[in-house]
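Student: Can you walk me through this model? I would like to start with the sheet and then go to packing and side chains.

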Amino acid sequence: MAGVLDGIRVLDLSRGISGPMVTMLLADHGAAVTRIESPHGDPFAGQLGYHVWNRGKRSAVLDLKDAADRDAFLALAGRADVLVESFRPGVTARLGIDHATLAARNPRLIYCSITGYGRDNQHSDRPGHDALVAARVGLHWEQRGWAGGSAPRLAGHEGTMPGLEIPQEETQGAPREGPLFPASRFPSLGACYAATVGISAALRAREVTGRGQWVETSLLQGALAAGVMAYGMAEHWEAPGFMTWVGDSRAPKGLFECADGRWVHCWPPNPRFVLAAGAGDELDPHPDLRVREDPARIGLGPEEMVVLHHYWEPMAATFRKHSADAWTEAGARAGVCIQKICTPEEAMADPLLHDDGCVARMDSALGPIHGVGIAYRLATSPGQVGAAAPQPGQHTDEIWAEAAATPHGAPARPGSGAQLARGPLDGIRVLDFGLAVAGPYGTQVLGDMGATVLKINAKHDWYWHQNQIAMCCNRGKRSIAIDLKHEGAGSVVRRLIESADVLMHNMRYPAAVKLGIDYQSLREHFPRLVYCHTRGFEHGPREQLPGNDQTGACLAGIEWEDGGCGRGGRPLWSLTNMGDTGNGFLAAIAICQALYEREKTGKGQWVETAIVNAQLLNTSYAPARADGTGFERPRLDAMQTGLSAGVRIYPTADGWLCLSLITDAHWHALGQALGETGLAPGGRWADAASRAADDAALCSRIEQALASRGAADLQRELDAAGVPCEVSSERAGADIWNDTEALERQWVVRYAHPTVGELGQIGLACSFSDTPGGHQGRPFIVGEHSREILAELGYTPGEVASLMESGAVGDESVDPTRSAGRG
């Protein structure tokens, strides 16, 4: 079966992490991807991820500083549909391959730039390495959160329950003060998701306008997307219901060691089930212990930290009575989220993930390997893992021949002249039946690109939507509150679907069937509808289990990796995790590609993804052998300071400094700056092999050299010497709100909110030159748009009043603050 991107030609000039991942996702769905590689090599070529991310592509070596090679490239670009590049700002112009030059030759080209910090701003010339971007934007400090919560801190306050102290063993993160270095490459992951959804939306726009455009994102925006809750601010953070315990560094997060030394994550923490099920010698997941029947279920308020602390020790003792596998099985039988924390290699060997296809066997230069499989599916494009990643230059001759055969100056298809003023998804209407974060985040991404999003709320949703977590994934939408079980709600839902282009939900599918909004019930009557369903788990025995960001992170190896467990650490569920939000991005990507196809065929279709798919993509840097064993690769240390001596945060006299040394030249420059002869050519640590073999001693030597100096002074000195470094900023989360460039570009956004005053949130993940998007306003109050939406659907004022009186539809707009006094 041809993929949705069959016939799309992609030129991949990227290197590192995010660009190769983007073009892998495009290749998996039929795009013909050609990597254009430098004759001088790729400093990132040694990473294991390339064996996965470059599958299904061709490779040509072209020297873009050579006139003949550049002419060949220009010929290829003249017939390409998409180009992805990750040069530093200004480099493409010097090479003569910038957007303006190529768009003049090929007006239909979608040109995607992934930079470190974007162009033409105060950060643009900083080195755009993943670890350094994380340091500069303060992402290291957001891994475990802040005592009292991030929003109060950004407002200059102590936050909630300032006198509460909880023992360190109950909390997560290395037993030390300061920032934490995650194994997850969050800035690059965020940029990958942003670029892929941007390209996909631009393809849809091109079908409408006939024009290509410049799609831009950056690792900075990727880092902000990862910290979507961590960077949020609110004037009145103390408003009832806004703060939760989830983002407080003191709160126990449900991570427990079991009898076999392995760990599980129980999320949300469920003391009633755990203590009752584990009371005897054998686990007893009795049906009466289901979560929805638990009268003492942990709530959301910060005061619940006291309850979590109270139960931590008895829960820890109970978990230590049985193995991690036994607890996982007990949770599955009872419908309680308890998941064993796996290594990435164990995920690659999981037969259920293989059966689904979200893990796949593939050929590589290392031999047969297992890696991330198909991350999202369309009915017409289930996806296919391509051939082994090519050797650099493997296809140079055939690609040169294609360039030579390309007619010079071939006329481009003219544009239609159509304008999409609100963004590339202007004119698209989306129904969001999503729950929690994983569903609604995807539709928020669609809204940022111009779609009109109607949020279908339950009438009791006020409790959830008054908190910071819900607000971070529900801006720019209008809300109608409906009792979907009410006999009078069916006609309202029917009219809503008649008006929609997209329907999205992440409820367990049998619930959708029961409500009559399953795809099988709708596709005959609404053949143009794009229907998106996302899950927690893969298809198979786990499919109907309750799943969330945490269960996906456990299965895929995220929590193992980010805690440095491979080198003796404890698991960590990062507060910048990209499971729920990654699922949302994947859903948005699949929806955009289905809309692109619908512009050509007139037909809608089913699309799907899962949280575990996103988490597997997030650990795709760690493939395994076919027998399930792993390869030698950098692993995070137990104290969560870094992956090696050269990619690490170091304590200084007044803070922390992050290094990201990739080449021998970087190391030699560091040696000169520090007066360390062992790093000079011919010295003890002169080459990569000697540094890897003596990593601990090298870490110690560098730490000693940096410990007595100030971080800012060191950065200035090392910058001048050509050493890639950044101060790991404790203040970046606050400083971003005074960054006029970030505010002007809507990388962060502010608006007035009825309950919390001025609300600040992470903004646009990517930008478009021809169809610029933009946020569409603050998060809603549940039901505040019910009456206007009903009127749009053709209901008379009398009929609206009748629906309200019957209880089928609710309206909170009369007093949008009254939910603050409830409960």
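Tutor: What follows goes through the sheet, the cores, some backbone angles and the rings.

Tutor: This is a predicted model, so to speak of its local features a pLDDT of at least 70 is needed, side-chain atom pairs count only at pLDDT 80 or more, and totals for chains, interfaces and linings use all residues. Residues are numbered from 1 along each chain as its sequence is written, and side-chain values use heavy atoms, with hydrogens and water left out.

Student: OK. What is the strand order in the open sheet of seven strands?

Tutor: The order is 3-2-1-4-5-6-26, with mixed pairing. Strands (E, at least two residues) and helices (H or I, at least four) are DSSP runs numbered from the N terminus, and two strands pair if DSSP finds at least two bridges between them.

Student: Which strands stand at the edges?

Tutor: Strand 3 (57–61) and strand 26 (767–768) do; each has a single partner strand, so one side of each is left without a neighbour in the sheet.

Student: How do strand 6 and strand 26 pair, parallel or antiparallel?

Tutor: Strand 6 (residues 214–218) and strand 26 pair in the antiparallel sense, over two bridges. Glu216 has Ser767 in strand 26 as its bridge partner.

Student: Which strands does helix 9 lie across?

Tutor: Helix 9 (residues 219–226) lies across strand 5 (110–115) and strand 6, at about 60° to strand 6. Helix 15 (residues 396–405) also packs on the sheet, touching strand 2 (32–37) and strand 3, and its direction makes about 85° with that of strand 3. Contact means heavy atoms within 4.5 Å; axes are lines fitted to C-alpha atoms, for helices over the stretch in contact, and angles run from 0 to 180 degrees between N-to-C directions.

Student: Switching to the largest nonpolar core: which residues touch the most other members?

Tutor: Leu425, Leu446, Met449, Phe585, Ile591 and Leu616, out of 139 residues. Helix 8 (residues 186–209) gives the most to this core, 12 residues. A nonpolar core is a set of buried Ala, Val, Leu, Ile, Met, Phe, Trp, Tyr and Cys residues joined through side-chain atoms within 4.5 Å. Buried means under 20% relative accessible area, exposed over 50%, and partly exposed in between (1.4 Å probe, protein chains only).

Student: What does Phe585 touch?

Tutor: Leaving out residues up to four places away in sequence, its contacts include Tyr193, Val197, Tyr441 and Ala765. A second, separate core has 32 residues, among them Leu454 and Tyr531.

Student: Backbone next. Which peptide bond is cis, with omega near -5°?

Tutor: The one from Trp267 to Pro268. Pro268 is in the loop between strand 9 (263–266) and helix 10 (271–277).

Student: And what is phi at Asp120?

Tutor: Phi is positive, about 55°, although Asp120 is not a glycine. Asp120 is exposed, at 60% relative accessibility.

Student: Last topic, rings. How are Phe256 and Phe319 arranged?

Tutor: Their centres are 4.7 Å apart and their planes at 15°, so the pair is stacked. Rings of Phe, Tyr and Trp (its six-membered ring) pair if their centres lie within 6.5 Å; planes under 30 degrees apart count as stacked, over 60 as edge-to-face and the rest as tilted.

Student: Are those two buried or exposed?

Tutor: Phe256 is buried at 3% relative accessible area, and Phe319 is buried at 0%.
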